[in-house]
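Subject: The structure, and what turned up in it

Hi there,

Here is the structure I promised to pass on.

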Amino acid sequence: MLALYLAFLDENDKQLFERIYYTYRKQMLVVARTILQNESDSEDAVHEVFLKIATKHMGIIKSIELETDIRNYLLKATKNTALNIKKKNNN
C-alpha cells in the first residue's frame, strides 16, 4: 500500500511520508479499532487518512515542526475519519 501513496508524492516528500507511515501507522490503527471495533473498517480509515495526506495534505505535514504535533495531527485525522465511517455504517 505504501507504494500507492508514494506514487502521488514528489521525491522531496517521499522520505518524510515513509517515515510517518512506519512510525504512526500502528498507533493510527489502534485509534481506529477502538472506535470502529472492526479490523477491516479500521484499515480503511487509516488508508483514507494516508491517501488524503499523499494527495492533498502533504503541505500541512511539512509545515508542522514538532514531532508530537505530527502525531497529534495524524491521530486526530484518524479519529475523525473513523467516526465518519462509523456514522456512515450506522445509517
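In α3, the residues Asp41, Asp44, Ala45, Val46, Glu48, Val49, Ile53, His57, Ile60 and Ile61 meet Ile70, Tyr73, Leu74, Ala77, Thr78, Thr81, Ala82, Ile85 and Asn89 of α4. Contact here means heavy atoms within 4.5 Å, and helices are DSSP runs (H or I, at least four residues), numbered from the N terminus. By class, this contact of α3 with α4 has twelve nonpolar, four polar and three charged residues. For that count, Ala, Val, Leu, Ile, Met, Phe, Trp, Tyr, Cys and Pro are nonpolar, Asp, Glu, Lys and Arg are charged, and the others, Gly among them, are polar.

Before going further, a word on the model: it is predicted, with local features needing pLDDT of at least 70 and side-chain atom pairs counting only at pLDDT 80 or more, while totals for chains, interfaces and linings use all residues. Residues are numbered from 1 along each chain as its sequence is written, and side-chain values use heavy atoms, with hydrogens and water left out.

Back to the helices. The axes of α3 and α4 lie 9 Å apart, at an angle of about 130°; axes are lines fitted to C-alpha atoms, for helices over the stretch in contact, and angles run from 0 to 180 degrees between N-to-C directions. The pair α3 and α4 is therefore oblique (under 35 degrees is roughly parallel, over 145 roughly antiparallel, 65 to 115 roughly perpendicular, and the rest oblique). Their crossing is right-handed, that is, the near helix is turned clockwise from the far one by less than a right angle.

Thr81 sits in α4 and is buried, at a relative accessible area of 8%. Buried means under 20% relative accessible area, exposed over 50%, and partly exposed in between (1.4 Å probe, protein chains only). Leaving aside residues up to four places away in sequence, Thr81 touches Ala45, Glu48 and Val49.

The second pairing is α2 (residues 11-36) with α4 (residues 67-90), whose axes come within 9 Å and cross at roughly 35°. This crossing of α2 and α4 is right-handed. Among the residues making the contact are Tyr24, Met28 and Leu36 of α2 and Leu74, Ala82 and Lys86 of α4. The contact of α2 with α4 comprises 13 nonpolar, two polar and five charged residues.

Two residues of that contact are worth a look on your screen. Leu36, in α2, counts as buried at 12% relative accessibility. Its C-alpha is 6.5 Å from that of Ala82, though Leu36 and Ala82 are 46 residues apart in sequence. Beyond residues up to four places away, Leu36 touches Asp41, Ser42, Ala45, Ala82, Ile85 and Lys86. Lys86, in α4, is partly exposed at 38%.

Finally, the core. The largest nonpolar core has 28 residues, and Phe17, Ile20, Met28 and Leu74 have the most contacts inside it. Such a core is a set of buried Ala, Val, Leu, Ile, Met, Phe, Trp, Tyr and Cys residues joined through side-chain atoms within 4.5 Å. Two or more residues come from each of α1 (2-7), α2, α3 (39-63) and α4, and α2 gives the most, with ten. Not counting residues up to four places away, Ile20 touches Arg25, Phe50, Ile61, Ile70 and Leu74.

Best wishes
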